[in-house]
Amino acid sequence: MVFINICLIACYLPVCIIPFINTARHWYIALPGLIFPITCLGLIFFILIWAFLRSRWCWISVAVLLLGTQQIVSVFGFHLPKTFESTKNENTLRILQWNVTSWNELKKKRGSIGFRPDMLELVKEQKADILCFEEFFETRDTKYFPGNIPAIAQMGYPYHYYVPTITWYRDFETGVVIFSKYPIIDSLKISFEETTLAEHLIYIDIKVKEKIFRVLTTHLQSVKFDEDDYESLSQLKHINKEGLKDSRTIVSKLKKGYTHRYLQAEMVRQEIEKSPYPVILCGDFNDVPNSSTYFRIKGKLQDCFLKKGSFLGRTFRFISPTLRIDYILADKKFTVEQFQRIRVPYSDHYPVEADLAW
């Protein structure tokens, strides 16, 4: 028991210093952050055991647990689950954030309908004022795929700012986009390095009842796990030799991801600080909330999940229940009235939504 407790402490302590570490250089320190909720709950379990046995290890574990207070309050949502009300108050912006994974168009079987109609219907039902999408698929040739921008415009979103990142066969693209029910008075694209597996950072300035707000969205460096990597991770869970053999590739992709995201997060932070208007930032950060990526970007912004969410708030459907990697962050001039994560099997990410009052 003492040995297991020491192993938990060894995994827990490095996560406590992540906000102060350059994970572009010391990327390996960030790895224990992926299982931080598990090690945290493990420590709490041992505290209860040691307290029952009246062992001094209880106080050692308590001291270690308290060192990670900053991490604990960034990871766990300490609110009871509530039903998200469809009606919203006056002077409130409803924001929907979703990595739509190309609307499932590129993954569906030939001749099948896919999830696109269901996804569009879900978007329509939310009645959001602002939509922020990553991995947004659009086509110039509707012979093969229907246009997604016109479909969403018909839902009552006359304004949008779309920036493609990848183009296939000249007619098919994926990128980042922001749709708005309110007029866009300015917009900007900030590109990351061309060699990275990230989409652009974009923003729009919208005018709402004589007030101006800046809405940003981005998709930071992806590790780009393929089906073989997911299979290897599954084998690792069962201590399979094949999984161990492929772990070098997985670690290499994780290392590259941490290196690029650290630098990208700094660019995002700089754009937030430049803004003359209250900021709302949405995006797929591809990193958990105890990472240096998260802390560098968040700064003094509010995390809408932490304000109204409960427990872990996982947004990536695969690998681990600890992966909350999609965020809605808002200026403290807003009041977070409600938040929800919508659990649907259409994309590999769950959409998240928040009501922000000013």
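This is a predicted model: local features need pLDDT of at least 70, side-chain atom pairs count only at pLDDT 80 or more; totals for chains, interfaces and linings use all residues.
The buried residues of H1 are Asn5, Leu8, Ile9, Tyr12, Val15 and Cys16. Viewed down the helix axis, these buried residues fall within an arc of 120 degrees, so they line one face of H1. Their cover includes helix H2 (36-53), helix H3 (57-67) and helix H4 (69-75). On the face turned away from the buried side, H1 carries the exposed residues Phe3 and Ala10.

Val15 also turns up among the contacts of Asn290. Asn290 sits in the loop between strand E8 (279-284) and helix H9 (292-298). With a relative accessible area of 2%, Asn290 is under the 20% cut-off and therefore counts as buried. Its side chain reaches the backbone oxygen of Gly33 at 3.3 Å. Leaving aside neighbours within four places in sequence, the contacts of Asn290 are Val15, Ile18, Gly33, Phe36, Gln71, Val75 and Phe295.

Strand E8 leads on to the sheet. Here 6 strands form an open sheet with mixed pairing, in the order E5-E6-E7-E8-E10-E9. Strand E5 (184-190) and strand E9 (302-303) stand at the edges; each has a single partner strand, so one side of each is left without a neighbour in the sheet. E9 runs antiparallel to strand E10 (residues 326-330), and 2 bridges join them. Within E10, Ala330 stands opposite Gln302.

Turning to charged side chains, a search of the whole structure finds 11 salt bridges. One of them joins Glu90 and Lys209, at 3.7 Å from N to O. Glu90 lies in the loop between H4 and strand E1 (92-99), and Lys209 in the loop between strand E6 (201-208) and strand E7 (211-219), so this pair ties together parts that are 119 residues apart in sequence. Glu90 itself is exposed, with a relative accessible area of 66%.

Arg140 and Glu173 form another salt bridge, their closest N and O atoms being 2.4 Å apart. This pair links distant parts of the chain, 33 residues apart: Arg140 is in the loop between strand E2 (130-139) and helix H6 (148-153), and Glu173 is in strand E4 (residues 172-180). Arg140 counts as exposed at 54% relative accessibility, whereas Glu173 counts as buried at 7%.

Conventions. Residues are numbered from 1 along each chain as its sequence is written. Side-chain values use heavy atoms; hydrogens and water are left out. Helices (H or I, at least four residues) and strands (E, at least two) are DSSP runs, numbered from the N terminus. Buried means under 20% relative accessible area, exposed over 50%, partly exposed in between (1.4 Å probe, protein chains only). A polar contact is a pair of N or O atoms within 3.5 Å; within protein, one must be able to donate a hydrogen and the other to accept it, and residues adjacent in sequence count only if both atoms are side-chain atoms. Contact means heavy atoms within 4.5 Å. Two strands pair if DSSP finds at least two bridges between them. The arc is that of the directions from the helix axis to the C-beta atoms. A salt bridge is a side-chain nitrogen of Lys or Arg within 4 Å of a carboxyl oxygen of Asp or Glu.
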